[in-house]
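Subject: Structure handover

Hello,

Here is the structure I promised to pass on. Please open it first, then read the notes below.

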Amino acid sequence: MLLKVENITTCYGQLTALRNASLSIDEGNTLFVTGPNGAGKSTLLKTIAGVVSPVEGSIMLAGSPVTRKTPEDIARLGFSMVPEGRHVFGSLTIEENLRLGTGMLTDKSGIAEGLAHVYELFPMLAERKHNPAGVLSGGQQQMLVIARALMAEPRLIAIDEPSLGLAPLVIDQVYDALLKLRETRGLTLLIVEQSSTRAILAGGRMILMRSGEIVLEGDAVQLSKGDALQAAYFGYGEH
Amino acid sequence: MTAILQFAFDALSVGSIYALGALGIALIFGVMRLVNFAHGDYVAFCVFALLWPSIDVVAIVFVGNLPWYLLIPVILAIGAGLSVLSEILIFRHLRNSNPATMMITSFALGFVLQHVLLMLFTSRPKSINLWSNLSLPVELMGARIPLLQVITIVTTITILFALVTFLKRTQFGIEMRAAAEDFTMARMLGVRANRVIMAAFAVSGMLAAAIGLILATQTGTTDINMGMPIMLVAFVATVIGGLGSLPGAVICGFLIGAATVMLQVFLPLEARPFRDAFVYLAVIACLVWRPQGLFSPKSARERV
Amino acid sequence: MVMNKKTSVLARTWSTPVILIALLVVIALVTVAIGSGIFSRTITEIFIRVTLVVGMYIFIGNSGVISFGHAGFMCLGAYAAAWLTIPPMMKKILLPGLTPLIADVQLPLILSAGVSALFAAVIALVAGAVLMRLAGIAASIGTFAMLAVINTIYSNWQSVTAATSSVVGIPIATGIWSSLAGAIAGILIAYFYGISRSGLALRAARDEAVAAAASGVDIYRERLVAFVVSAFVCGLAGVLYAHFLGVVNPDAFYLGVTFIALSMLVVGGMGSLSGAVVGVVVISAIIQILRWMEKGIEIGGASLSLPNGIQEIVIGIVMIIILIIRPAGLMQNRDLSWGATAARKSKTGD
């Protein structure tokens with residue numbers, strides 16, 4: 001098991017954003033996190049990434065405990081996070097953005113090769129590699145941050161809302177690239193995605209969150225067949 | 001022609017000191033959102049590091065007696081050390097506090113440093129002789145320019161060049177620039193927060209030391225308030241240049257230096273004592289025209 | 001409906017100014033009882049400083065913008081008081097550049113105080129019209145630039161302000177009770193401004209600028225109001241100061257006082273009126289204790305004294321430690337009050 005999250009509770013001041021969340025992902029698998037706004041999906045990823053600290057619970061990454069560790073230490077264990085809103089470094093060039101991810105690699109010889117692979121996957125990045133990243137379009141920035149996360153040679157990539165603010169055609173391109181990566185490199189993916197359709201198309205497992213709790217989990221395709229998904233999403237029968 | 005040349009060197013030399021000061025402030029602001037009001041007192045501290053503590057009227061030169069190739073690294077190290085120490089002991093514990101708290105804490109630190117110097121050296125400025133042969137003028141394209149001015153300008157340009165190379169060409173430099181733009185995202189990519197911040201403080205401390213050496217040589221005195229005027233202009237230059245933009249801070253340091261010299265030359269005689277007032281009015285005008293700074297990086301704009 | 005809301009804010013919070021004023025009155029009574037002239041002067045200075053810091057709080061606390069410029073208003077008020085109350089004979093000699101309108105006049109102290117504070121407020125209106133368009137750090141630098149402009153003008157206009165020489169001859173009139181009155185006036189002005197529509201709107205904008213603007217708050221105007229009101233109170237502090245020392249000098253209203261006052265405000269907690277008052281009282285108390293210790297105190301027969309100069313170092317370290325432990329200041333954005341406190345806290349989820 002690559003990632004094991006057990007009974008995580010995270011609070012922002014008085015507000016409990018995440019309550020008793022547990023999940024696990026095996027190497028090479030894909031897990032989608034879906035649910036309405038404010039469900040705690042981003043908080044879940046931020047807690048795993050070490051950006052916020054949980055008040056309770058534990059997280060194990062590749063067998064090592066990472067609860068309450070710093071983001072930079074967690075990144076060094078093979079975890080790469082692409083947060084919501086892309087966060088390119090606008091004043092750095094595309095190549096500098098990419099090289100950022102390589103700082104923690106112990107074996108520097110593979111960097112040139114890594115860059116070449118990434119430019120192959122995303123040719124439009126190669127064209128502009130010495131331009132400041134701030135001038136890229138939304139879709140290009142999304143590609144850049146995924147590529148940047150890849151440069152660190154992670155075992156698990158977590159992406160928060162890759163389709164936010166992007167046109168449908170562009171989202172297709174992003175997901176094509178992601179899924180190709182999954183096949184060629186055996187990457188483990190943890191994706192927060194509002195649209196459960198994408199999850200179903202991509203396959204893998206899915207968990208549904210509401211109001212800070214995980215209310216449903218299972219195989220994405222199977223869940224889509226029954227009523228359970230809609231019921232959980234809209235909260236039928238609960239009151 | 002000679003007048004213009006003289007004027008240009010004056011402006012550049014004054015601007016250099018302001019630019020170095022602004023850079024020191026901007027570096028720390030970039031990574032920590034902290035305006036370090038103690039910076040001017042770092043400058044004074046480095047100057048007094050040349051002396052042995054004494055309340056006599058005459059300065060007892062101690063470290064200042066070392067030959068230049070030892071003196072410079074020692075004073076730079078003292079500057080870096082003081083700066084890093086203040087990070088470890090004080091600023092580290094305030095990483096996510098509100099700006100007012102950080103500002104006042106840095107001011108309190110400066111206050112403490114000032115009074116330590118006061119206790120050890122008294123408030124009387126003491127004269128010292130540091131490389132005074134450098135004040136002799138050299139002939140340059142028909143104008144007589146003090147050698148020290150030339151050295152100041154050359155030193156500043158060298159420092160800037162070295163810093164730019166470091167920031168653009170080295171992995172650590174890229175990490176520092178990334179941390180200055182988006183600290184949390186940088187950490188998620190493995191950038192070691194503490195190292196980057198300590199490096200920023202170390203470089204900032206060295207810049208303060210450089211300013212101290214230049215001022216001590218220029219004025220031939222040691223005065224516990226030496227760093228204050230530089231600090232004020234540096235603070236202003238950093239904001240006008242655009243917070244988070246190192247080139248902006250440097251350019252504005254030079255601009256303010258040039259403006260100061262220009263006003264001194266071109267203002268009518270009766271208005272000259274009020275020169276500083278004009279400079280500050282220009283600052284206000286600048287801020288109203290472009291509040292985010294003249295060179296702010298694109299991502300610095302606040303989004304709704 | 002509006003009347004009801006305002007009454008209930010008043011009803012919930014009136015205990016704060018009462019407690020703060022009571023605190024100062026107790027200090028004044030104790031001082032008078034002790035009867036030492038020196039101690040009396042020290043407490044008078046503290047009350048003047050309370051007036052200044054409370055004035056700064058009116059703007060800084062409510063708008064969230066850190067202003068480095070308010071010592072400038074103190075300067076304006078102090079010099080105006082000097083101009084209006086120094087005997088005309090002296091003015092003709094010392095300050096020949098003063099217009100006859102002012103030079104020939106000598107106003108009664110209370111009237112001069114009002115006019116002088118008003119003068120500071122008017123200048124704030126002019127400066128603020130420009131500066132309040134700025135936000136955040138840009139605004140802070142703008143206020144600092146304003147202070148620098150005022151300081152440069154006053155330090156160089158020989159014929160009107162005696163430049164860097166001190167202006168002497170101001171009637172000495174500030175004692176314990178007048179400075180206490182000034183502090184109380186400042187606290188009351190701050191309190192009533194704070195619960196006014198303008199004050200509440202400004203605080204809303206401080207906490208959530210976008211939501212406030214979307215709700216129709218004119219942030220520029222509310223900031224300007226706060227700026228002008230705060231300048232009035234700081235100008236008043238300047239008047240008290242001028243009549244306390246009998247002498248004014250531009251250096252007294254520049255960086256030193258700015259940073260000490262800001263430190264007291266931030267260490268006390270810049271988010272509440274109580275923070276402003278508590279900040280001044282606590283820090284001044286610590287400074288005073290350190291002063292006594294430097295002079296030497298008797299403990300059980302042995303004499304204990306600190307080396308000279310250590311007083312400032314200790315107070316600086318104390319402030320740093322307080323801020324590290326309580327970054328929001330001693331009062332943590334809360335006010336001193338009783339009764340409704342518990343209920344109020346649970347409602348707002350404090």
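First, a term. A residue is buried if 20 or more other C-beta atoms lie within 10 Å of its own, exposed if 12 or fewer, and partly exposed in between, with C-beta atoms placed from the backbone.

Next, the ground rules. This is a predicted model: local features need pLDDT of at least 70, side-chain atom pairs count only at pLDDT 80 or more, and totals for chains, interfaces and linings use all residues. Residues are numbered from 1 along each chain as its sequence is written, while chains are lettered from A and ligands numbered from 1 in the order in which they are written.

C:Ala163 is not a glycine, yet its phi is positive, near 50°. The residue sits in the loop between α9 (158-161) and β1 (167-168) of chain C. Helices (H or I, at least four residues) and strands (E, at least two) are DSSP runs, numbered from the N terminus. C:Ala163 counts as partly exposed because it has 17 C-beta neighbours inside 10 Å.

A:Asn7 is another non-glycine with a positive phi, about 50°. This residue lies in strand β1 of chain A. A:Asn7 has 12 C-beta neighbours inside 10 Å, so it counts as exposed. For background, most residues other than glycine have a negative phi.

**Strands of chain A**

Strands pair here if DSSP finds at least two bridges between them. β1 (residues 3-12) and β2 (residues 15-25) of chain A pair in the antiparallel sense, over 7 bridges. They form a hairpin with 2 residues between them. A:Gly13, in the turn, has a positive phi of about 65°.

β1(A) also pairs with strand β4 (residues 56-61) of chain A. That pairing is antiparallel too, over 5 bridges. Follow A:Lys4 to see both partners. A:Lys4 stands opposite A:Ser24 in β2(A), and its bridge partner in β4(A) is A:Met60.

Contact means that the C-beta atoms of two residues, placed from the backbone, lie within 7 Å. Chain A puts 22 residues into its contact with chain B, and chain B puts in 19. On the chain A side, α2 (71-75) and α3 (94-100) each supply at least two residues. By class, that side has 11 nonpolar, 7 polar and 4 charged residues. For these classes, Ala, Val, Leu, Ile, Met, Phe, Trp, Tyr, Cys and Pro count as nonpolar, Asp, Glu, Lys and Arg as charged, and the others, Gly among them, as polar.

**Where B meets C**

Here 34 residues of chain B are in contact with 31 residues of chain C. α4 (99-121), α9 (228-241) and α11 (275-289) of chain B are the elements that give two or more residues to the chain B side. The largest share, 14 residues, comes from α4(B). That side of chain B has 27 nonpolar, 6 polar and 1 charged residues.

α4(B) deserves a look of its own. The helix has 23 residues, and 19 of them are buried. From first C-alpha to last, α4(B) reaches 33 Å, close to the 33 Å expected. The expected span is 1.5 Å times one less than the number of residues. B:Thr122 follows the helix, with a positive phi near 65°.

Chain B has 11 helices and 6 strands. Its C-alpha trace spans about 55 × 45 × 35 Å along its principal axes. Of its 304 residues, 52% count as buried. Of the contacts in chain B with a separation of 6 or more, 76% come from residues 24 or more positions apart.

Chain C has 17 helices and 4 strands. Its C-alpha trace spans about 60 × 60 × 35 Å along its principal axes. Buried residues make up 49% of its 350 residues. Of the contacts in chain C between residues at least 6 apart in sequence, 80% join residues at least 24 apart.

**The core**

A nonpolar core is a set of buried Ala, Val, Leu, Ile, Met, Phe, Trp, Tyr and Cys residues joined through C-beta atoms within 7 Å. The largest one has 280 residues. Those with the most contacts inside it include B:Ala22, C:Val53 and C:Leu265. Helix α13 (residues 219-245) of chain C gives the most to this core, with 17 residues. Leaving out residues up to four places away in sequence, B:Ala22 touches several others, among them B:Ala234, B:Ala237 and B:Val250.

Best wishes
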